Amino acid sequence: MTALALAPRRAAHAAIRFYQLTLSSLFGRQCRYLPTCSSYADEAIARHGLWAGAWMGTARICRCHPWGGSGFDPIPQTIPAGASWARPWAYGRWRFRCA
């Protein structure tokens with residue numbers, strides 16, 4: 001990949017890292033999952049690209065609430081079946097499932 005193609009991923013990584021080092025301490029480190037939501041989004045973007053990874057991270061943040069799940073929630077190794085650029089919501093797991 002060229003530097004130009006990697007620029008959006010690097011910009012997203014920089015924004016997430018900025019959040020982790022500054023704003024996260026203001027909000028409190030209370031993520032219910034492991035890895036934390038910001039680490040999950042960062043790794044999903046690095047592994048699956050900006051479009052798919054950002055949707056995966058957004059879905060994870062939506063699951064992280066007082067009535068949501070908790071525990072170990074790894075980043076998927078592959079993109080979910082049925083997900084495409086035209087159906088971006090299919091990239092994320094929007095509800096907690098025990099499995």
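User: At roughly what angle do the axes of helix 3 and helix 4 cross, and within what distance do they come?

Analyst: Two packed helices are described by the angle between their axes and the distance between the axes. In this predicted model, the axes of helix 3 (residues 37-48) and helix 4 (residues 50-63) cross at roughly 160° and come within 7 Å. Helix 3 is therefore roughly antiparallel to helix 4, because angles over 145 degrees count as such. The crossing of the two helices is right-handed.

User: Which residues in helix 3 and helix 4 meet?

Analyst: From helix 3, the residues are C37, Y40, A41, A44, I45 and H48. Their partners in helix 4 are L50, A52, G53, A54, M56, G57, R60, I61 and R63. By class, the residues of this contact of helix 3 with helix 4 comprise 10 nonpolar, three polar and two charged.

User: How are helix 1 and helix 3 oriented to each other, roughly parallel or roughly antiparallel?

Analyst: The axes of helix 1 (residues 3-21) and helix 3 cross at roughly 170° and come within 10 Å. These two helices are therefore roughly antiparallel to each other. Helix 1 contributes R9, A12, H13, I16, Y19 and Q20 to the contact, and helix 3 contributes S38, S39, A41, D42, I45, A46 and H48. The residues of the contact of helix 1 with helix 3 divide into six nonpolar, five polar and two charged.

User: R60 is found in helix 4. Is R60 buried or exposed?

Analyst: R60 counts as buried, because its relative accessibility is 0% and the cut-off for this class is under 20%. Leaving aside residues up to four places away in sequence, R60 touches C31, Y33, L34, P35, T36, C37, Y40 and D73.

User: How many disulfides does the count give?

Analyst: A disulfide is a covalent bond between the sulfur atoms of two cysteines. The cut-off applied here is a pair of cysteine sulfur atoms within 2.5 Å, and the count comes to zero disulfides. C37 is in no disulfide; its nearest cysteine sulfur, that of C31, is 3.2 Å away.

User: What is the relative accessibility of C62, and what is the relative accessible area of C37?

Analyst: C62 counts as partly exposed, at 44% relative accessibility. C37 is buried, with a relative accessible area of 11%.

Notes: Residues numbered from 1 in each chain as written. Predicted model: local features only at pLDDT ≥ 70, side-chain atom pairs only at ≥ 80, totals over all residues. Heavy atoms only, no water. Axes fitted to C-alpha atoms, helices over the stretch in contact; angles between N-to-C directions. Helix = DSSP H or I, 4+ residues; strand = E, 2+ residues; numbered from the N terminus. Parallel < 35°, antiparallel > 145°, perpendicular 65-115°, else oblique. Left-handed = near helix turned anticlockwise from the far one by under 90°. Contact = heavy atoms within 4.5 Å. Nonpolar A, V, L, I, M, F, W, Y, C, P; charged D, E, K, R; others polar. Buried < 20%, exposed > 50% of the residue type's maximum accessible area, 1.4 Å probe, protein only.
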